[in-house]
Amino acid sequence: MINVTIDNKQIQVPEGTTILKAARMAGIHIPTLCYFELAGMKFENKPGGCRVCVVEVTKDFNGRPRRNLAPACATDCVEGMEVLTHSARVINARRTVVELILSDHPTDCLTCAKSGNCELQSLAQYLGIRDIPFKGEQSHYRQDMSPSIVRDMDKCIMCRRCENMCNNVQTVGALSAINRGFSAVVAPAFEQDLVDSPCVMCGQCVQVCPVGALTEVDDTRNVMAAINNPKKTVIVNTAPATRVALGEEFGMPAGTIVTGQMAAALRRLGFDYVFDTDFTADLTIMEEGTELLGRIKKFMAGDKSVRLPILTSCCPGWVNFFEHNFPDMLDVPSTAKSPMQMFGAVAKNYWADKMGIKREDLVVVSIMPCLAKKYESKRKEFYKDGNPDIDYVLTTRELARLIKQFNLDLKDMPCEDYDDPLGESTGAAVIFGATGGVIEAATRTAYEVFTGKPLPKIDFTELRGMEGIRDAWVDFDGTPIHIGIAHGLSNARTLLQRVREGKEQFHAIEVMACPGGCVGGAGQPYHHGNSEIIKKRTEAIYREDLGKPIRKSHENPSIKKIYEEYFGEPCGHKSHELLHTHYFDKSEHVEISE
Amino acid sequence: MAVIKLSEAKVNFIKDVCKSYGNKPGEVINVLHKVQGEYGYLPAEIQELVAKELGIPVSRVYGIVSFYSFFTMTPKGEYPISVCLGTACYVRGAEKVLDELKRQLGINVGEVTPDGKFSLTCLRCVGACGLAPVIEVGDKVYGRMTPDRVKDVLAEYK
C-alpha cells in the first residue's frame, strides 16, 4: 500500500492504482471523457487522449511539483504524492480542452439522437461552457448506415472506446483508427460501409460511444405509421431482457421488473395484440433441446458423423460472428431459429391463419435489447414472398422514447398480462436474458426428457455468474453432460478455438455476444460503464424466473397446445420448415485470378 | 463469402514474406514494407491477404497503411516523379515546379496519369540541396529545375 494525498485527503491505495481510481476510492469525482471502464468485464479504455481528467501533481516522487498537468486515468500514484483535482489551473485547462473538442464538433444537440445521454454535452454543462472561442476547420465524413447502426463520424471525438470494444472485448475487428492528425477517424478498413465489413452488428460500440457518433437505426416512425394504418393488424413481442431494463428510462432503479407495466404501455401505444418473445423462447427450448438430445443420443450410440458440442443460436451477433470467423464449424450451431425469428414465423403462419389475417396485412414488431436483431430481421432467409417474418425491431431505448412521446409514464401504468396464446411463458424463457440462461433453460427440459424423471432441483446455479468463460458438469442421472458458457465475443472465440483444436470437449455451449448476455445488450438503456447496472438487471431476471408458476419450457400449456394443433413434434417436418434455419460462410477467401 | 482476388505469383510472394517474419502480428509494418517494395503500392486485396496471413483484422492493416505517408494504395506510374519540398528546394521555387508538373500531367500529388505512365509524389530532401530545386524521375535526378524545363524533362519519357 502507498500513501497519497488527493485534495488534502490522505488515503492508502495499492501500488499500481491510477490517480483516477484513487480519487474515486476517496469519493472525489474527476470528470472523464475518453476513459471507460466496465468493471469485472475486463474492459478498460484509457488512451489518455482527451486530457479532460488532468490533475495538478503538487508533490511528485521527487518531492517537487510536476511541471505539466497529468492525466489521472493514465498516471499511477507514487508514495507521498500530493494531487489537486480541482485547482484553478486544472479547471482552466479542462475547460480549454473541452472547448477545443467542441470546436470540431457539430452543435446540433437539439436534433442529436444522443442528446440527454451525451457525455460531451454533460461535460460542457458541468464546466459551464457558454461559448466556443476557437473557430477553425471542422472534419466531415460520409455518413454510413447499416441495418443496425448509424455512423456519423463528424461527431466522433476519437476516444477510441468503440475501437477498443470492437477489437479487444469482441475481437470482431471491424473498426480501427485510420488516417492521421486532423483527418484521423475510427472506421472500417478502406472506409467501406459497416455492412461490407466484418461487423457483426452487436452494437457494443454504440453502447459505449460517449457522443452521437454511433447510434442505433431509429424505427419508431415506421412502427407508428403501421399502427396508424387502419388496414394493418400490428402485434408486438417483447424480449426477456427488456422487462428488467425499461424502467431505468423512467427513473426507476436498475433491476426493477416492469413486465406488466410494459404490456400496459404497449396496449396504450395502439398495438392490437401484445405478445411475448418468452413464448417462443420456450418453443426454442423444445426445438434446441430436442436437437441437443438427438445429437447426444446418436453420439453415445457411436455415430461419429454427429458434431458436438451443439452451440446455441439465439444471439444474432454471435451467429454473424461464427459465420465470419468459424466457417469450418457451420454445422455445429443449433439450426433452431432465434426466439424472435420463431415468433415471426409462428405469428405470420400459425397465428395469422388462425385469425384469418393475410400475411401482408399483419405487421410484427419486436422490442429487443439488441441492435443485431434489427439486422437479423432483414436476413433474406426470414422473408417469404418479399414480406419479412419480423417487420420492425425497436430497442428498449426506442420503446422508452415512444412511451414518453405518448405522454405516458411507465410508473403510472397498471400491471397487465400478455395476450394469449403467444403471450404465455415460463421462468425458463425469461432467463434467456442473462448469460447462462439459455443453456439452463435447455438443461431443465433436456434433463427431464432424457431421464424421464422430474428435476431434483430447478435452479442450476453452477451455470450462472459473470465470469467470461464458465463450464460445468451436469449429472443427467448417471450421464455426465459437459456444458460451456461464454459471453462477450472474445471469450466465445477463445472457447471455440479450444473446441476447434480438440483441447476440450463439450456437449453444449451457450454464447451471448454482449457482456452479461442480453441484459447488457446494445439496445438497452445506456449503462455508461456502470457494470453494477448489468448485475442488477441479471438479478431481476432470476427473480422474475423464481416468481413464475411454471419454470420449465415443456410444461408451458400454450407450447403443448401448439405442438398438438400445428407442429406435431419438436424437430418434426413442420418445425424444420418454420422454426429452423441455416448459416452462411461469410469469411474471406483467397481466389487466384489473372 | 468475401473473395480476395489475386494472382498466384502475388499470393505466393505475400505468403512467403509473411512466413519469413514468422506470421507474427507485430511484424505487420515490416511485411507491408517488403510487399510495397515489390509491387510499388498496397491495394486492398494485398492488405486483406496480409491481414489474413498474420491473423489480424484488415481494419488494423488499413489503419497502419493510412497512417504512414510512406505506404500508398495508389499504384506508381511507369516513371514515378518525386518533387523535393525540403527547405532548400522549397525556397528556390520547388512549389512552382510542382504546380507546372500537376498542370502538364493533369494529376494531383498521389495520383497516376490515366495511361499509367507518370505518378506524382512529394518528398522531403534527397540530399542534393546544392542542386535545388530537385525532382526525381525514377532513379534519375534533375537539378536546378524550373517550370520552363518541365516540358523537356517529360519529353524524355514520351
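G143(B) is partly exposed, because 15 other C-beta atoms lie within 10 Å; a residue is called buried if 20 or more other C-beta atoms lie within 10 Å of its own, exposed if 12 or fewer, and partly exposed in between, with the C-beta atoms placed from the backbone. The model described here is a predicted one, in which local features need pLDDT of at least 70 and side-chain atom pairs count only at pLDDT 80 or more, while totals for chains, interfaces and linings use all residues. Residues are numbered from 1 along each chain as its sequence is written, and chains are lettered from A and ligands numbered from 1 in the order in which they are written.

## Loop residues and their contacts

G143(B) sits in the loop between β5 (140-142) and α7 (150-155) of chain B; helices (H or I, at least four residues) and strands (E, at least two) are DSSP runs, numbered from the N terminus. When neighbours within four places in sequence are left aside, G143(B) is in contact with A128(B), L131(B) and V134(B), where contact means that the C-beta atoms of two residues, placed from the backbone, lie within 7 Å. From C-alpha to C-alpha, G143(B) and A128(B) are 8.1 Å apart in space, although 15 residues apart in sequence.

In chain A, V217(A) belongs to the loop between β12 (214-216) and α6 (220-227), and counts as partly exposed with 17 C-beta neighbours inside 10 Å. Its contacts, again leaving aside neighbours within four places in sequence, are M145(A), P147(A), S148(A), I149(A), V150(A) and K374(A). The C-alpha atoms of V217(A) and I149(A) are separated by 5.4 Å, while the two residues stand 68 residues apart along the chain.

## Backbone angles

Most residues other than glycine have a negative phi, and most peptide bonds are trans.

| Residue | Phi | C-beta neighbours inside 10 Å |
|---|---|---|
| K42(A) | about 55 degrees | 14 |
| R51(A) | about 65 degrees | 19 |

K42(A) is found in the loop between β3 (36-38) and β4 (43-45) of chain A, whereas R51(A) lies in the loop between β4 and β5 of chain A.

In chain B, a cis peptide bond with omega of about -5 degrees joins A132(B) and P133(B), and P133(B) lies in the loop between β3 (118-123) and β4 (135-137) of that chain.

## A helix of chain B

Helix α2 of chain B (residues 28-39) has 12 residues and reaches 16 Å from its first C-alpha to its last, close to the 16 Å expected at 1.5 Å a residue; the expected span is 1.5 Å times one less than the number of residues. In α2(B), the residues V28(B), V31(B), L32(B) and V35(B) are buried. Seen down the axis of α2(B), the buried residues fall within an arc of 95 degrees, so they line one face of the helix; the arc is that of the directions from the helix axis to the C-beta atoms. These buried residues pack against α1 (8-20), α3 (44-54) and α4 (58-67) of chain B. Just after α2(B), G40(B) takes a positive phi of about 85 degrees.

## A sheet in chain A and the meeting of the chains

Chain A contains an open sheet of 5 strands in the order β2-β1-β7-β5-β6, with mixed pairing; two strands pair if DSSP finds at least two bridges between them. At the edges stand β2 (9-13) and β6 (70-71) of chain A, each with a single partner strand, so one side of each is left without a neighbour in the sheet. Strands β1 (residues 2-6) and β7 (residues 81-84) of chain A pair in the parallel sense over 3 bridges, and T5(A) stands opposite E82(A) in β7(A).

The contact between the chains takes 23 residues from chain A and 21 residues from chain B. On the side of chain A that touches chain B, the largest share, 6 residues, comes from β23(A). Strand β23(A) is joined to strand β1 (residues 2-7) of chain B by 6 bridges, and the two run parallel; within this pairing, L6(B) is the bridge partner of I592(A).
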